[in-house]
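Welcome, and please open the model in your viewer. We will go from one selection to the next and look at what is there.

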Amino acid sequence: MSENDRVIAAAREWRGAKMALATVVTTWGSAPRPRGSHMLVHEDGRFEGSVSGGCVETDILATAAEVIGGAPAVVKHYGVADDAAWEVGLPCGGEIAVFVQPVSAQGFPPELFDAIADAREAGRTLPVAFDFASGHAAPGEKGDFVHRYAPPHRLLIVGAVQIAQALAGLARELGIETVVIDPRGRFLTEERFPGTTLDDRWPDEAVAAWNPGGATAVVTLSHDTKIDDPALIAALSAPTGYVAALGSRKSHAARIERLAAAGIAAPDLARIDGPAGIDIGAIGPSEIALSIAAGMVKAFRDAR
């Protein structure tokens, strides 16, 4: 579950209580959290999410308490402030602006959390416009700040091998929904992939059924061309955000030849990250999984 999904879940759980929502609306330099990051604050002081990784949360909690108590919505600006840098500032050197508003009909309507969750589950992007003067937020494209709530990132791992075990764990920690696809039942077990969705269909059928879009990554790891190649063809037939295949440069060249012979056009073949991942000199399954996870995250970020 991603951080914003946890915020949405908390908002639903706390429904009926007074709350305030803090949102990063502007960043400069090496800001610790991206625009659109949320921190939800309950009237009893509980909170979910983060706007700075800990640098300014204490001040945001105080501001949120004021907003919950009836103070108007406000935009707070933070940066390095010399003596206050480690108290209410950003020692990393960046600057951020955070909009704090009530969770209410006049602020961030409670039902808007439901609309965001429904859109994400349906694979749709929902733009929400924030108006600083009124303190209100609503679906739309015009406002002082517009945040587009995109579908959640998803990783389809093809091949239930040892590297897949490490990669699935990393993806979960990154808040990325993970599916492991492998028609070989002996490999695809709950014991080997706890807390992970398992799909035992043939890879081309499974990948197509998951309807991969820009927020989806497909990574083939089986080393079996009968499993990997059909999955790659299915991934390249869709607007998949990241497509990667494990193997050496020699095996990847052979793979490209096979896929070209199968009718995959050169521009689509160029979309494959092969050998998969960022070159970190990885040794062993965990390090290889780390390099692939880094390549996936970079692809998702570059697409923004």
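On this tour, buried means under 20% relative accessible area, exposed means over 50%, and partly exposed is in between (1.4 Å probe, protein chains only). Helices (H or I, at least four residues) and strands (E, at least two) are DSSP runs, numbered from the N terminus. This is a predicted model, in which local features need pLDDT of at least 70 and side-chain atom pairs count only at pLDDT 80 or more, while totals for chains, interfaces and linings use all residues. Residues are numbered from 1 along each chain as its sequence is written, and side-chain values use heavy atoms, with hydrogens and water left out.

**The whole protein**

Start with everything shown. The protein has nine helices and 14 strands, and its C-alpha atoms fill a box of roughly 65 × 40 × 40 Å along the principal axes. Of its 304 residues, 46% count as buried. A contact means heavy atoms within 4.5 Å. Among contacts between residues at least 6 apart in sequence, 58% join residues at least 24 apart.

**Stop 1: helix H3**

Select residues 110-121, which form helix H3. The expected span of a helix is 1.5 Å times one less than its number of residues. H3 has 12 residues and reaches 18 Å from its first C-alpha to its last, close to the expected 16 Å. Now colour Leu 112, Phe 113, Ile 116, Ala 117, Ala 119 and Arg 120, the buried residues of H3. They lie on the same side of H3 because they cover an arc of only 165° around the axis; the arc is that of the directions from the helix axis to the C-beta atoms. An α-helix has 3.6 residues a turn, so residues three or four places apart point the same way. Turn to the other side of H3 and you find Glu 111 and Glu 121 exposed.

What do the buried residues of H3 pack against? Their partners include helix H1, strand S6 (126-131) and strand S7 (136-139). Just after H3, look at Gly 123, which takes a positive phi of about 80°.

**Stop 2: helix H1**

Next, select residues 3-13, helix H1, where Asn 4, Val 7, Ile 8, Ala 10 and Ala 11 are buried. These residues share one side of H1, as they cover an arc of only 160° around the axis. They pack against strands S1 (19-28), S2 (38-42), S3 (47-49) and S8 (145-149), and against H3.

**Stop 3: salt bridges**

A salt bridge is a side-chain nitrogen of Lys or Arg within 4 Å of a carboxyl oxygen of Asp or Glu. A search of the whole structure finds 13 of them. Show the side chains of Asp 5 and Arg 120, which meet in one (2.8 Å, N to O). Asp 5 is in H1 and Arg 120 in H3, so the pair ties together parts 115 residues apart in sequence. Are these two residues buried or partly exposed? Asp 5 is partly exposed, with a relative accessible area of 21%, whereas Arg 120 is buried at 13%.

Then show Asp 199 and Arg 201, whose side chains form a salt bridge of 2.7 Å, N to O. Asp 199 is buried at 6%, and Arg 201 is partly exposed at 30%. Glu 141 and Arg 148 make another salt bridge (2.5 Å, N to O); Glu 141 is partly exposed at 47%, as is Arg 148 at 48%. Finally, select Arg 12, Arg 15 and Asp 114 to see a network of salt bridges.

**Stop 4: two buried loop residues**

Centre on Val 56, in the loop between S3 and helix H2 (57-68). Val 56 is buried, at 0% relative accessibility.

Move on to Thr 196, in the loop between strands S10 (177-181) and S11 (197-199). Thr 196 is buried, with a relative accessible area of 7%. Leaving aside residues up to four places away in sequence, Thr 196 touches Ala 168, Arg 172, Thr 178, Val 180 and Glu 190.

**Stop 5: helix H9**

Select residues 284-302, helix H9. The end C-alpha atoms of H9 are 27 Å apart, which agrees with the 27 Å that its 19 residues should span. Among the buried residues of H9 are Ile 292, Met 296 and Phe 300. Their cover includes strand S9 (154-158), helix H4 (162-173), strand S12 (216-220) and strand S13 (242-245).
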